[in-house]
Amino acid sequence: MRNVTVLAGGVGGARFTRGLLAHLAVAAPDATVTVIVNTGDDMWLDGLRICPDLDTVMYTLGGGINEEQGWGRPDESRRASAEIAAYGRGWSWFTLGDLDLATHIVRTDLLRDGSTLSAATEFLCRRWQPGARLLPMSDQPVETYVCLAKNIDEHVAGDYIHFEEWWVRYRARVAITGFEQRGLAEAVAAPGVLEAIGEADLVVLPPSNPVVSVGTILAVPGVRAALRSTAARVVGVSPIIGGAAVRGMADACLHTIGVETSALAVGRHYGARSAGGLLDAWLIDETDAAALPALAAAGIRSAAVPLWMTDLSATTAMAAAVLAL
Ligand code: GDP
Ligand code: CA
């Protein structure tokens, strides 16, 4: 095993990759890991470019994550956010910690000076040393919006709001009719992204949100084709255990696109590579083992193992199971 490429969202992708790096450090110390990160959650806030998934992966792998929250920095303060609110600016439902703000200021400064997001990410990673190469899926801005099914607050049914507003402000409890990835059609894969898939020995779809994290990366022009044609094995890990998302709003996202919230349905949604889909193999939780025959019938080689990323050793064991499969 030399080159491993992971297609990650935020918390699920970051935690899995941390286990993968720990496993490879022992099992294949020469291996290199590239993480292609979703940028569909990115947005402008208070004049700053915020990249939630890139930061979650960078902080998690670099030892700077708030473990309880799963995002942001530990020992944060909110003094700058409070000052912005005192001016009547900012969004009351989205707080930026003071330490985290420094990351956004540096990133925005680099972008304003003409850096690409790839170059800005590489620069930020020089400090955090995440132990993997982090690539944004695209250097062009892509932002996921959701279409509201009902009126809420100042919004009316049919309005599109940013995905982060739906999730952070409304906890994904407001029904939506669909997703729109603005900028996606004009976006191109960032430098190195298609190569990282094409030249990998193993590509992993970690337990990230199948719709708004992995789904968005897959929709970047060229990415799905690169996965279909790579000589690497493509192995997925289910973010759904026992018919529920472990955390986050994957269930609401899956419901919106008409996919059942189950390890079987998500496996079928990605599909077997032999049948026009993406997966060579699919890892599900041990409690979902009843789905194994149906997955085999769909042409997807699967195994059932514990998939709760409760601590580093559990997550390292998951990564080992992916390599074994
Ligand atoms: P986000 O961008 O922060 O929402 O993170 P991701 O898209 O990377 O990951 C979100 C997904 O991770 C959710 O669908 C969760 O179900 C999944 N997830 C979180 N923790 C675990 C875990 O311990 N085990 C598994 N199997 N999935 C998890
Ligand atoms: Ca995300």
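Which atom of Pro 239 lies 2.7 Å from an oxygen atom of ligand 1? Select Pro 239 and look at its backbone: a backbone N or O atom is the one at that distance from the ligand oxygen.

Before going on, some housekeeping: this is a predicted model, where local features need pLDDT of at least 70, side-chain atom pairs count only at pLDDT 80 or more, and totals for chains, interfaces and linings use all residues. Residues are numbered from 1 along each chain as its sequence is written, chains are lettered from A and ligands numbered from 1 in the order in which they are written, and side-chain values use heavy atoms, with hydrogens and water left out.

**Stop 1: around the ligand**

Stay with ligand 1 and show what surrounds it: 20 residues (each with a heavy atom within 4 Å of it), the closest being Pro 207, Ser 208, Ser 213, Pro 239 and Leu 307. Now pick Leu 307, where a backbone N or O atom sits 2.7 Å from a nitrogen atom of the ligand. Then try Val 11: one of its polar backbone atoms is 2.9 Å from a ligand oxygen.

**Stop 2: the two domains**

Next, colour by domain. Domain 1 takes in 3-139 + 186-324, and domain 2 covers 143-182; these bounds come from an automatic or database domain assignment. Their centres, taken over C-alpha atoms, are 22 Å apart. Where they touch (heavy atoms within 4.5 Å), domain 1 gives 18 residues and domain 2 gives 16.

How much area do domain 1 and domain 2 bury between them? About 1400 Å², with 70% of it on carbon and sulfur atoms. Buried area here is the accessible area (1.4 Å probe) that two parts lose on being put together, summed over both. Select Trp 93, Met 249 and Thr 256: they supply 40% of the area that domain 1 buries against domain 2, more than any other three residues.

**Stop 3: across the interface**

There is one salt bridge between the domains, that is, a side-chain nitrogen of Lys or Arg within 4 Å of a carboxyl oxygen of Asp or Glu. Show the side chains of Arg 49 and Glu 143, which meet in a salt bridge at 2.7 Å, N to O. Zoom out to see what the pair links: Glu 143 is in strand S6 (residues 143-148) and Arg 49 in strand S4 (residues 48-50), 94 residues apart. Across the whole structure, the search finds eight salt bridges.

How values were computed. Polar contact = N/O pair within 3.5 Å; in protein donor to acceptor, adjacent residues only side chain to side chain. Helix = DSSP H or I, 4+ residues; strand = E, 2+ residues; numbered from the N terminus.
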